[in-house]
Amino acid sequence: MGKQGSPRSPRPVSKNTNSLFRMKDYHLRSSDSLGAGDPSIGRRILGADNYWNSKLVLVHGSKDDSGKFNPGPGKGVYVGKRGHTWFRRNVKSIAFMFVLLAFLFLLDSLMVSIFDSINLQSITSTTRNSSRGDQEDNVGYIREEKRPTVQMYGRLLNLASSALAEEFKQDSLNFWEEPYQQASKWKPCADRKYPTSPGKPEINNGYILVSANGGLNQQRVAICNAVAVASLLNATLVLPKFLYSNVWKDPSQFGDVYQENYFMRILKDDVDIVKELPPHLKSLDIEAIGSLITDADIAKEAKLNEYITSVLPLLLQNRVVHFLGFGNRLGFDPLPPDLQRLRCKCNFHALKFVPKIQEVGSLLIKRIRKHYAAQRQLDKQLLGDFTPSISSKERAATRGQSKYLALHLRFEEDMVAYSLCDFGGGVHEKKELEAYREVHFPLLIERLKNSKPVSPVELRKLGRCPLTPEEAALVLAALGFKRETYIYLAGSHIFGGSSRMHPFTSLYPNLVTKETLLTTGELAPFRNFSSQLAALDFIACATSDVFAMTDSGSQLSSLVSGFRTYHGDGHAPTLRPNKKRLAAILSENSTIGWKSFEDRVRKMIEEGQRVRVRGSGRSIYRQPRCPECMCRSQ
């Protein structure tokens, strides 16, 4: 927002502060940008270069009978009187050889033509199929080199396959529904007006600018935290900006993802929001006057006192402060109820996707469900005017709603490499992940040099390893989901590709993504806009009949599960595996019986579905069941 390189003015510090902002240079801490164990911000998605480099190039040359390349005679021939005599004697043989070579040449040309024809048909077929989303270029687990299939639990997979083959087996439990009735007693109420609400102050202390880093979900948290900070400091919030990342390469801004006017209107009674700074402040060099605040200047999940003692004096002196990065820079407790309620109002009511995203999101849901039976509050909140509808005549013609399960399989290369776990891929996989860490996580490498390493076996026991596709499939099978279950896969490219996904698809073949459900033309407006593509995944996961996560620390999983809790009316179950308990169960792979495996997995998931009030320090975006955010009916 300001000129670079100018000297910075000393920052005012209140009597209660301990000079938090003095003598600090403008910089960003990359270790914070990685998040707590989630390196998604530092992810680098490998592009089409590797794909095209793996293509085979056919080189046509002269071939002999055996099919080997034959550059011609390797020896010289003396031609003289004897040579002429030899030539006369062997003229027929020589002629035969010429005819044979000509025949082989014609045969070779014919075979090349046939293969080219087959290849052309294959390309044409692929082009037709690409009308459902350029499958080879987009489906997360297809684009990679051929690898051997990796199985860590072959015995359990065989047991699961046999169990899924029992078509008439009755489920003792139904994980398509919320197991506890108490879930339906909690109702959304963060948008209600309360007599005790303070509203907007008469005196305004200045303007707050926010440039949020990360992807869609990190930015969403930053926006709502900024709303709360603006209210706390009696300041006007300028519509947040999104930082451009050389990794994501996504130029999307607030108005490309969310409806600006709707956002400002919903929050107008709580905080002043404007689209730009007033002219007299635009010309200020914000860094030079000391009003630039980076993530290095504010503690992670900072308490309110830090904003009051360190940020408020700057705001009062300069009339503007600029938060750069602002990743998880506001804690959850202790916080006044009004600020907690404002955070919920922002996240669950004020942030609406733009019509472009809503329209394509609606189309995506229609294609997943195949036929739509009823409108739900979840759909209305996410899709607005584009919520799918069905007439009574159409409803009578359908045979019930087409249910689907959404799965966020957090098994991308960055996550796998950062975990330091072993995933059964052998020496090649180990070297590949080591090379990835050296390039993308240098701080992690330095930290490992100065600390005692934890073995991959111990990391798995502690529940610190991402679930593999194979493990996710075993959990779903243990819960009784049938082989024909329709599964929507959210997220980015799966590490290990189709070889790693094979154990999953062997049990659950009906796997779809946004790339396979939408045409190339329908996806075209979202190309190179990762935040907008992530919004489509958010919609598909939030509106699913069941949402299954594999990593509770993921921002997407956290925000989706919270959205389903808030707007789901007690009918939006979420499956949360406990990775530590699951690791203990899977460690008995060689001996455990399938019935015992089912029972233990089901108990683990049921415990994760218990209706609990948000605990102190827990994210209100993920666990909104609390008096500040939801109301409980008797």
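This briefing describes a predicted model of one protein chain, moving from the whole chain to single residues and pairs. Residues are numbered from 1 along each chain as its sequence is written, and side-chain values use heavy atoms, with hydrogens and water left out. Because the model is predicted, local features need pLDDT of at least 70 and side-chain atom pairs count only at pLDDT 80 or more, while totals for chains, interfaces and linings use all residues.

**The chain as a whole**

- The chain has 27 helices and 13 strands, where helices (H or I, at least four residues) and strands (E, at least two) are DSSP runs numbered from the N terminus.
- Of its 634 residues, 47% count as buried; buried means under 20% relative accessible area, exposed means over 50%, and partly exposed lies in between, with a 1.4 Å probe and protein chains only.
- Among the contacts (heavy atoms within 4.5 Å) with a separation of 6 or more, 82% are accounted for by residues 24 or more positions apart.

**Confidence**

- The mean pLDDT, the predictor's confidence in each residue on a scale from 0 to 100, is 81 for the chain, and 74% of the residues reach 70 or more.
- Over residues 1-8 the pLDDT stays under 50, and the model has 23 contacts beyond four places in sequence for this stretch.
- Residues 15-83 also have pLDDT below 50, and this stretch has 100 contacts in the model beyond near neighbours in sequence.

**Valine 227 and its surroundings**

- Valine 227 is found in helix H7, which covers residues 216-232, and it counts as buried because its relative accessibility is 0%.
- Leaving aside residues up to four places away in sequence, valine 227 touches Leu237, Phe263, Leu267, Val271, Leu342 and Cys346.
- The C-alpha atoms of valine 227 and isoleucine 208 are separated by 9.5 Å, and the two residues are 19 residues apart along the chain.

**Helices H6 and H20**

- Helix H6 (residues 154-164) packs with H20 at an angle of about 40°, their axes being 10 Å apart; axes are lines fitted to C-alpha atoms, for helices over the stretch in contact, and angles run from 0 to 180 degrees between N-to-C directions.
- The contact is made by Gly154, Leu156, Leu157, Ala160 and Leu164 of H6, together with Glu470, Leu474 and Ala477 of H20.

**Salt bridges**

- Side chains of opposite charge can pair when their charged atoms come close.
- A search of the whole structure finds 24 salt bridges, each defined as a side-chain nitrogen of Lys or Arg within 4 Å of a carboxyl oxygen of Asp or Glu.
- Glutamate 471 forms a salt bridge with arginine 460, with the closest N and O atoms 3.2 Å apart.
- Glutamate 471 lies in helix H20 (residues 469-478) and arginine 460 in helix H19 (residues 456-461), so this pair ties together parts that are eleven residues apart in sequence.
- Both glutamate 471 and arginine 460 are buried.
- Lysine 514 and glutamate 515 form another salt bridge, with the closest N and O atoms 3.5 Å apart, and both of these residues are buried.
- Salt bridges that share partners join Lys193, Lys268 and Asp269 into one network, in which the side chains of aspartate 269 and lysine 268 meet at 3.4 Å, N to O.
- Aspartate 269 counts as partly exposed because its relative accessibility is 35%, and lysine 268 counts as partly exposed at 43%.
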